[in-house]
Amino acid sequence: MKLLLLLLCGYHSLGAGDAHSISKVLATGSQKAEAVCAEPQVTRSSSSTGSTVPLNHRYGPCSPAPSANAPTIAELLRRDQFRAEYLRRKFTSTGGLQQSEVTIPTNLGTALDTLEYVITVGIGSPAVLQTVLIDTGSDVSWVQCNPCTSPPCHAPAGSLFDPAQSSTYVPFPCSSAPCTQLGDEGNGCSNSQCQYIAKYGDGSNTTGTYGSDTLTLSASETITSFQFGCSHDEEGLVSHQKTDGLMRLGGDVQSLVSQTAATYGSAFSYCLPKTSSTSGFLTLGAPSDTSGFVTTPMLRSQQVPTFYALLLQDIRVGGHLLGIPPSVFAAGSVMDSGTVITRLPPTAYSALSSAFKHGMAQYPQAPPVDPFDTCFDFTGLSNITIPGVALVFDGGAIVNLDFDGIIQGGCLAFAATSDISFIGNVQQRTFEVLYDVGQSIFGFRSGAC
């Protein structure tokens with residue numbers, strides 16, 4: 001059984017096409033999003049079943065909680081660097097990745113301000129609509145709750161959730177198994193009720209009571225006894241978010257994916273759309289037919305089970321493999337909805353940048369724009385032709401990126417990192433990305449939204 005959640009819009013673009021594409025042509029200016037929300041252009045898997053609820057991009061005309069304070073691209077990339085560095089430090093202190101299932105609870109904080117995609121769900125009985133960010137890089141979900149006075153909570157899209165008004169809300173006792181499983185995200189007891197704390201890499205946090213209530217995904221789909229944090233106190237950046245909370249899709253036991261495994265299976269997929277004025281989707285459950293997907297093994301870390309990773313083998317530019325040594329990618333690559341751009345080990349990035357520059361010799365180079373250092377001047381041009389770029393994963397899965405997964409703001413949309421690499425959401429967009437935890441595979445289906 002699966003639940004299809006309609007997901008609206010992305011900041012950056014990504015496309016899918018022939019995996020052997022040598023070059024791509026785009027009219028300049030076509031990367032801009034429209035000012036109005038367009039009709040969804042979603043292609044569901046042929047075997048997809050289930051119900052649909054609205055999901056939206058955090059910024060742009062489709063959002064139920066629109067904000068006039070959308071970050072600039074420069075601000076978003078600066079924050080993205082912080083998130084990537086934080087996650088990298090977590091992985092370099094562990095024993096690496098392996099093909100195995102999650103077994104150990106853990107806590108990993110991340111930066112909130114790179115998250116871009118939201119869903120709208122109901123919490124409680126009667127259901128109170130909540131617009132929440134989604135994140136594959138964390139586990140404990142939470143929403144703002146009454147009372148909340150430090151600072152005052154806000155309800156930008158729906159109503160502030162009041163657990164006292166819900167007939168199905170139950171706070172967990174401090175000795176309960178769900179409370180014990182919080183691990184580092186446990187925050188002691190208050191009035192014999194379990195307390196949680198969610199910390200983020202930027203130093204902000206949210207604290208409150210950990211309990212359960214009914215989660216409404218659509219008119220016909222509800223999850224009873226859904227575990228989440230009821231936030232009564234927010235500090236730092238988290239207090240300035242224009243959403244009601246976070247819905248977390250990580251691999252540990254507290255996440256939405258793990259809690260709904262008995263209903264939807266240990267699998268989910270999403271398609272992040274091309275612009276903030278178009279639509280995509282989030283699906284709980286795996287399709288019965290994956291013939292439309294290219295697949296590659298999923299890697300997990302027993303020390304940091306929250307994250308999902310895979311193994312890059314090479315990169316193709318203009319139809320030619322770069323011949324990057326396998327040892328360069330041995331640390332694995334994290335697939336992350338909250339990381340904006342793909343970051344590669346220095347050797348891989350240098351090879352990609354050099355090959356791309358060679359294929360762009362007809363265009364003058366432009367000054368670097370941090371974190372990008374491979375930039376071009378397209379002034380006065382109505383059309384641009386660039387070499388195709390494809391990511392080649394373990395098992396032969398080839399993911400051919402669209403124009404906007406390659407170029408952003410006139411620059412190659414990749415950056416260098418060290419050790420473990422990250423596959424960012426710019427490169428994921430318009431693919432249906434399948435996380436089948438039970439089968440330990442990733443899948444990619446092109447042109448899904």
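Trainee: So what does the chain average in pLDDT?

Mentor: The chain averages a pLDDT of 80, and 72% of the residues score at least 70; pLDDT is the predictor's confidence in each residue, from 0 to 100. This is a predicted model, in which local features need pLDDT of at least 70 and side-chain atom pairs count only at pLDDT 80 or more, while totals for chains, interfaces and linings use all residues. Residues are numbered from 1 along each chain as its sequence is written, and side-chain values use heavy atoms, with hydrogens and water left out.

Trainee: Where is confidence lowest, and where is it highest?

Mentor: Confidence in the chain is lowest in strand β1 (residues 3-8), with a mean of 38, and highest in strand β7 (residues 170-171), at 98. Strands here are DSSP runs (E, at least two residues), as are helices (H or I, at least four), and both are numbered from the N terminus.

Trainee: Over which residues does pLDDT stay under 50?

Mentor: One such stretch is residues 1-17, for which the model has 134 contacts beyond four places in sequence, a contact meaning heavy atoms within 4.5 Å. Another is residues 49-54, for which the model has 23 contacts beyond four places in sequence.

Trainee: Switching to disulfides, how many are there?

Mentor: A search of the whole structure finds 5 disulfides, each being a pair of cysteine sulfur atoms within 2.5 Å. Among them is the link of C145 and C230, whose sulfur atoms are 2.0 Å apart, and with -105° about the S-S bond this link is left-handed. C145 lies in the loop between β6 (142-144) and β7, and C230 in strand β11 (residues 221-235), so the pair ties together parts that are 85 residues apart in sequence.

Trainee: Is C145 buried or exposed?

Mentor: C145 counts as buried, at 0% relative accessibility, where buried means under 20% relative accessible area, exposed over 50%, and partly exposed in between (1.4 Å probe, protein chains only). C230 is likewise buried, at 0%.

Trainee: What about C179 and C194, which hand does that one have?

Mentor: The sulfur atoms of C179 and C194 are 2.2 Å apart, and the torsion about their S-S bond is about 90°, so the disulfide is right-handed. This pair links distant parts of the chain, with C179 in helix α2 and C194 in strand β9 (residues 193-199), 15 residues apart.

Trainee: And how far apart in the chain are C271 and C449?

Mentor: C271 and C449 form a disulfide with their sulfur atoms 2.0 Å apart. The pair links distant parts of the chain, C271 being in strand β13 and C449 in the segment after β31, 178 residues apart. C271 is buried, with a relative accessible area of 0%, and C449 is buried too, with 16%.

Trainee: On to charges, then: how many salt bridges does the search find?

Mentor: The search of the whole structure finds 2 salt bridges, a salt bridge being a side-chain nitrogen of Lys or Arg within 4 Å of a carboxyl oxygen of Asp or Glu. Side chains of opposite charge can pair when their charged atoms come close. In the bridge of E185 with R248, the closest N and O atoms are 3.4 Å apart. E185 lies in the loop between α2 (177-180) and β8 (186-190) and R248 in strand β12 (residues 245-248), so that pair ties together parts that are 63 residues apart in sequence.

Trainee: And where do R445 and E432 sit?

Mentor: R445 is in strand β31 and E432 in strand β30 (residues 432-436), 13 residues apart. The closest N and O atoms of their salt bridge are 2.8 Å apart, and both R445 and E432 are buried.

Trainee: Last topic, how many aromatic pairs are there?

Mentor: The structure holds 15 aromatic pairs; rings of Phe, Tyr and Trp (its six-membered ring) pair if their centres lie within 6.5 Å, with planes under 30 degrees apart counting as stacked, over 60 as edge-to-face and the rest as tilted. F268 and Y308 have ring centres 5.9 Å apart and planes at 65°, so this pair is edge-to-face. F393 and F444 form a stacked pair, 5.5 Å centre to centre with 5° between the planes.
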